[in-house]
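Load the model and colour it by chain.

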Amino acid sequence: MPDWLTHIGLAHFVVVSVLLFVIGLVGVLTSRSVVRVLLLVELMFSAVNLNFLAFNNYLHPTGILLGHVFSIFILTVSAAEVSVGLAIIIALYRARATADMEDYNLLKW
Amino acid sequence: MLDSIIFWAFAILAVGGALTAVCSRSMINAALSLIVVFMSVAGFYLLNNADFLAIAQVIIYVVGLTIMMLFAVMFTGDKPQFDRKKANSALSVSYGIVALYVFALLLRTMLKGFGNTPVLPVSPLVAAPLAQDGSTRLLGTLLFTDYALPFEIASILLLAAMIGAIVIAKKRFNDSGENEIGEDHLPIDLSSAPKEAAIAALREHRLKVAASSKERES
C-alpha cells in the first residue's frame, strides 16, 4: 500500500479542510436560498477550525494549545453570528415574503 | 493503520456530505447532510487530540445549529421554487474553474509554508502526552489565565448577539399599537381552513404587507 494512504500527516488534514472550505465557498456564492448560505458559512467555519487544530497538533505535539484557544473563540463567534443571522432571515422573510437572495435588493444601487 | 482507516472514512463522509449539502434541492436534506459533515469534522478533531473541542463541536454545531437551521427551513419552505431553475451551464463551468483555482492557491500556500516542517513520525493518536490526560484541563487553565480578557469579551459578544437577535426578530408595532404585519386579523381563519388554502392566504397576506411597506419606503 502506498505510504500516503496509511500514514496520516498534516497534509491530509490540510487537504480535507481546504476541500470543505472551497465547497462551502462555492455553495455560498452560487446558492440562492438564504438558509443554505448561512449553513454553508458554518461549514467554512468548521473547516477553518479543523485547520487550526491540525496545525496545532502536528507543529506543537507537546501540549501548547494555542490552536485550541483560537478554535474556541471561532466557535463562540460563529454561534453569535448564526443567532443574529437567523434573526435577520426571519425579519427579511417577514418584509419580503421570500427566501430568495435575488429578491433582497433593497440596498442595490 | 487504525487512524488512517478512521481518517479516510471520515474524509469520505465529510466531503460527500458537503457536496450533498451544496447540490441537493431539498433544504431539509442539505441541513441533515451537514449533520454528517459536522460529526465527521468532530472525528477529525479527535484524531488531532482535541477531545474537548470535538464534544463542543457536537454540542454547538450538530445539536444547536442544525436544529436552528431546521427551524429556519420550516419557516421559509423546504424546496424553494427558485432553486428549481436550471443553472446556466457556462456559469457553472466558470464557478468550477474559480473553485479549482482557489483550492490550488490555498493548498499551495499552506503546504509550501508548513508542509515541509518535520513532523513526528508517530501517529498523532499516540504522539502527544495529551492522549493520556485529555486537553480539557490544560485548556481551562489557559482560558482563565492567559486568555482571560478575550474570554470575557467573548461573553459580552454572546450577550450582545442574543439581545440583537431578539430585537431584530421580534414583531414590529406601529404607533397606534397594532401589529404591522397584521397577522392578528387575517382574512381567513387559519385554524379551520384546509392547510393549502391557509398557507396560500398567509403568503398572499405577507406579499400584500411587503408591497405596502415597499410603497411607504418610496
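**Stop 1**

Select chain A: its radius of gyration, taken over C-alpha atoms, is 18 Å, whereas a compact globule of 109 residues would have one near 13 Å (the globule rule is 2.2 Å times the number of residues to the power 0.38). Along the principal axes, the C-alpha atoms of chain A fill a box of roughly 55 × 30 × 25 Å. This is a predicted model, where local features need pLDDT of at least 70, side-chain atom pairs count only at pLDDT 80 or more, and totals for chains, interfaces and linings use all residues. Residues are numbered from 1 along each chain as its sequence is written, and chains are lettered from A and ligands numbered from 1 in the order in which they are written.

Switch to cartoon: chain A has 4 helices and 0 strands (DSSP runs numbered from the N terminus, helices being H or I of at least four residues and strands E of at least two).

**Stop 2: the contact with chain B**

Now show both chains; 67 residues from chain A and 79 residues from chain B take part in the contact (C-beta atoms, placed from the backbone, within 7 Å). On the chain A side, helix 4 gives the most, with 22 residues.

**Stop 3: two helices of chain B**

Select residues 27–47 (helix 2) and 51–76 (helix 3) of chain B, which pack at about 175 degrees with axes 8 Å apart (axes are lines fitted to C-alpha atoms over the stretch in contact, and angles run from 0 to 180 degrees between N-to-C directions). Helix 2 of chain B is therefore roughly antiparallel to helix 3 of chain B (angles over 145 degrees count as such). Show side chains where they meet: B:Phe38 and B:Tyr45 are among the helix 2 residues, B:Tyr61 and B:Met69 among those of helix 3.

How values were computed: Angles under 35 degrees count as roughly parallel, over 145 as roughly antiparallel, 65 to 115 as roughly perpendicular and the rest as oblique.
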